[in-house]
Amino acid sequence: MKEFEMREAGQDRKMRAKVGVYVCECGPNIGGKIDLDRILSDLSGLDDYQDVELVVKKYGFLCSVPGKEFLEEEIKSNGFTHLVIGACSPRDHDSTFMSVCSKTDLNPYLYRIINIREHCSWVIDDKEKATEKAESYLRGGIARVLRQSELFEKPLDINPDVLVIGGGIAGMEAALSLSGEDRRVFLVEKTDRLGGVSLDLSGLLPGQGFVISKKIESIMEDRNIRLFLNTRIKAVIGFLGNFEIELVSEENAETTDIMAGAIVVATGCSLSEPGVSDHFSYEASDEVYTSLSVEKMFSGDEGVKLRSGEQPSSAALIHCVGREEKNYCSGICCSYMMKLAGLFKNQSSDIQITEFYRDICLPQKDDQERYKAAEAAGVTFIRIKDISIKGTDVSFEMMNGEKSKQSFDMVVLAPALKPSADTEELADLLTVPLDEFGFFQEVHKMTNPVGTSTDGVFIVGTAHGPKGVSDSMQFARASAGQILTRLIPGEQLIPEVKVTEILEAYCTGCGNCLEVCVYGAIYSDDSRGISVVNEAVCRGCGNCFGSCPSGALRTKHFTNTQLYQEVDEALR
Amino acid sequence: MEKSSEIEFTPAIVGFLCNWCTYAAADLAGSSKLELPPSFTVIRVMCSSRIDHNLLLSTFFKGADGILVAGCHPGDCHYGEGNYYARRRFALLKKVMETLDLAPDRLQLSWVSAAEGKRYAEVVNEFTKKITELGPNPIKNSTRF
C-alpha cells in the first residue's frame, strides 16, 4: 500500500493523507459558469489515490467571515493533512486561506489555492469546457498539494539601529526622523561638515539658512545620533535587520565596526562639468559660472560681482546644459534659475537678464508664481533649439530657425545634476545596482522609489536622482517610514519562507549560483567546499536553480517534484 | 491513439507565468472577461528565471505541443534581472530543440506586464493558433531520449 510521507518537526512519520477540497462558488462568478455539482461528484469518486481520503464540498463565499469560520471548523473537525481551495487568484486570497490554516494544526504550506475563476469561469464561455478545465486544474491541485512539504517561519532577532550615509539635507532629515530612545542612528559624512550642497544654496525658501542650521544643531544635540565626520564606508555585509559595517576615518585611517538593521544612502549628487566642447568654449578667467557658484556668491555678504569687482549689468542664464547628452531633465534648474533671476534683480533692478531654455519644467505648485514674478521683473525668456558660448558671447538658434548672437557681462550655466563621485564604489559595497544614468536604482519608479534590490538598503535625496530640497526631505521621511514599520525594537522579522536550499551531498562548490544571485544570498563555505544559502537574504526567485550543474538546489514550495507534478496533470 | 487528420487538432499548451507580472496579467485578462483557449494550462512560478532547461524539455517529452514562458518586461523584473537570465537560457535551449526535431517556435518567451491583460490574451491566443498550425508535438512520449 502506497503511503505518503510527511516530515514533521525532525522526525519522519507515515500517515494516511486526508485532503479537503473546497470549491468556492464566488456567487455567480464561479457557481454560475461552472457545473460545480459535477466537479464535486467527479472528484469525490476520484480513484487516482487509493490511500488518500478526499472530502469535497462547495461553499458560497469562502473568503467571507462565515466562509473562513466554516473552513476553519472543517479543517479542525476533519483533521485534514492537506487542503485544496478552488476559488480565485492566489494574488487575491492565498494569504486569506493561509491565515485560516494557521489557526488550525494544518501547516499553511500544505494548502493550495487553485484559480478556477480567472483561469476558467471568467475566460471560458462554454460551461462544459470551463467545467472540464476547472476539474483538471483541481485534480492537478490535489496531486500537487500531496507533494508539498511543511515549511516553517524562522523569526530573526533584529537590530533597530540605522546607518545613514551622507550628512546633507536628506541624510540629516532621515537621521532626525529615525533617532529615538530605542533606536540609534550612525550618521556618516565624508567631509568635515554637515549640510552638504544645501549649505551653499541661497534663499531657496524663506528662512532656509535657519532651517539648515537648526537641523545641524538638532543633530549635534541628539544623543541617539552618533556622528562620524571625515569618514567613509569600507565594508558592508548582512541583510535587513542585521548589517555589519566597517567605517574608516579619512584622518587617521582608523576603522570602526558598527551594527545596524538598515542603511539609508543619502550621498547626494554633484553638478556635471559642462567642459569645453563645440558648444561651450571658455577660459577659466572668463565670466562664466555654474549656477551653484552663483548661489554661493549670493549666499555670501557681497552678492554677485564680476572678477573686476563691479556688479554685472547683464547676465545670460542658460538652462538645460548637458540635458541632451545625459538624456534626462534634472527637473529643478528652471525653478532655481528663476530664483537666481529674482536675486539678480533684487541686487540691481537695472540688470538685464536673459534666460535661454529648451523646455521649461516647473513641477512644484509655487514654481509658476516664480515664473510670473521673473516675467514681471522684465526677465527675457528665449526658447532655443541650439546654443553655444564663446566666453560670454552667446550664439543661439531660436525655434523658428532664426540665428542670433548676444554678448553679456556674465554667463550662468545650469548643468545637469549627476551622481556623486563615490556612487559606483558604494553601490558595489552595498550590492545595489545603478540605473542607466548612474544613480542608485530603485525597486520601482512609482511604487517604491526609496527601496533597493538589497532589502534594508534605502536611497534618498539626490542619490536616487535629481531632485530639490523638498523632495529630498520627503524621500528621507519615506525611507524612515519603511524602516520604522519594519524594524520595530524588540520584535522579530520573518524572512521569506519559500527560499532555496543547497543539498550539501550534491554541491560541488562550483559557485555558479553565487554568480547569478542578484541578492548576494549565496556564499561559499570554503571549509566544506560547498555553496550555502543565507536564508534570511534569499527571496526565492529560483534563478540559481538553472545554473546548478549537479542538481543540488531545491527551491522550496516550487521544487522539481512539485512542478513536474503540475506538468503531468496539465498534460493528462 | 492516432488522431485522424480530419479531426481538428487541439494542442496541449503549458504556460509558465511569473507571479509578479504575467500571472497578474492573466488575472486582469480574467477580470476583463477576455476569451482564452481551454487548451492552455497555467503553471505559476515566482520568476521566469526559475524555469530551467530540464523542466522545459521534459514538458515537451511529456507531450506539451507548445510552451509559453512569460515574465516581466526587461528592466521590470521583481527580482531585478531574473528575466535577463531567462532570456539567455532560452536562446541556448532553442539551439538544442533544433537537434531534437522540435521546432524552436514551440517554445516562446514573452514579456507581459501586470497591466497588460489584453496583451496577455492576445499572446496566448496567437501562440495557441501558431501551435495549432504546427500540429502535434513529434517527440511526445518519445523513447529516443
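Predicted model: local features only at pLDDT ≥ 70, side-chain atom pairs only at ≥ 80, totals over all residues.
Domain bounds here come from an automatic or database domain assignment.

View 1. Residues are numbered from 1 along each chain as its sequence is written, and chains are lettered from A and ligands numbered from 1 in the order in which they are written. Chain A is split into domain 1 (4-151), domain 2 (162-270 + 419-486), domain 3 (273-414) and domain 4 (500-556). Between the C-alpha centres of domain 1 of chain A and domain 3 of chain A there are 68 Å.

**View 2. Confidence in the two chains.** The predictor's confidence in each residue is the pLDDT, which runs from 0 to 100. Chain A has an average pLDDT of 91, with 95% of the residues scoring at least 70. Residues 1-13 of chain A have a pLDDT below 50, and this stretch makes 17 contacts in the model beyond near neighbours in sequence; two residues are in contact if their C-beta atoms, placed from the backbone, lie within 7 Å. For chain B the average pLDDT is 90, and 93% of the residues score at least 70. The model has an ipTM of 0.93 and a pTM of 0.73.

**View 3. Where chain A meets chain B.** How many residues does the contact take from chain A and from chain B? Chain A gives 31 residues and chain B gives 36 residues. On the side of chain A that touches chain B, the elements giving two or more residues are helix 5 (117-121), helix 6 (127-145) and helix 16 (560-570) of chain A. Helices (H or I, at least four residues) and strands (E, at least two) are DSSP runs, numbered from the N terminus. Helix 16 of chain A gives the most to this side, with six residues. By class, this side of chain A has 14 nonpolar residues, eight polar and nine charged; Ala, Val, Leu, Ile, Met, Phe, Trp, Tyr, Cys and Pro count as nonpolar, Asp, Glu, Lys and Arg as charged, and the others, Gly among them, as polar.

View 4. Six of the six residues in strand 5 (residues 82-87) of chain A are buried. A residue is buried if 20 or more other C-beta atoms lie within 10 Å of its own, exposed if 12 or fewer, and partly exposed in between, with C-beta atoms placed from the backbone. A:His82, A:Val84 and A:Gly86 point one way from the strand, while A:Leu83, A:Ile85 and A:Ala87 point the other way. Strand 3 (residues 17-24) of chain A pairs with strand 5 of chain A in the parallel sense over five bridges; two strands pair if DSSP finds at least two bridges between them. Here A:Val21 stands opposite A:Val84. Strand 5 of chain A also pairs in the parallel sense with strand 6 (residues 111-115) of chain A, over five bridges, and A:Leu83 stands opposite A:Tyr111.

**View 5. Two residues with positive phi.** Most residues other than glycine have a negative phi. A:Ala253 has a positive phi near 60 degrees and lies in the loop between strand 12 (242-249) and strand 13 (255-260) of chain A. In chain B, B:Lys33 has a positive phi of about 55 degrees and sits in the loop between helix 1 (22-31) and strand 2 (40-45) of chain B.
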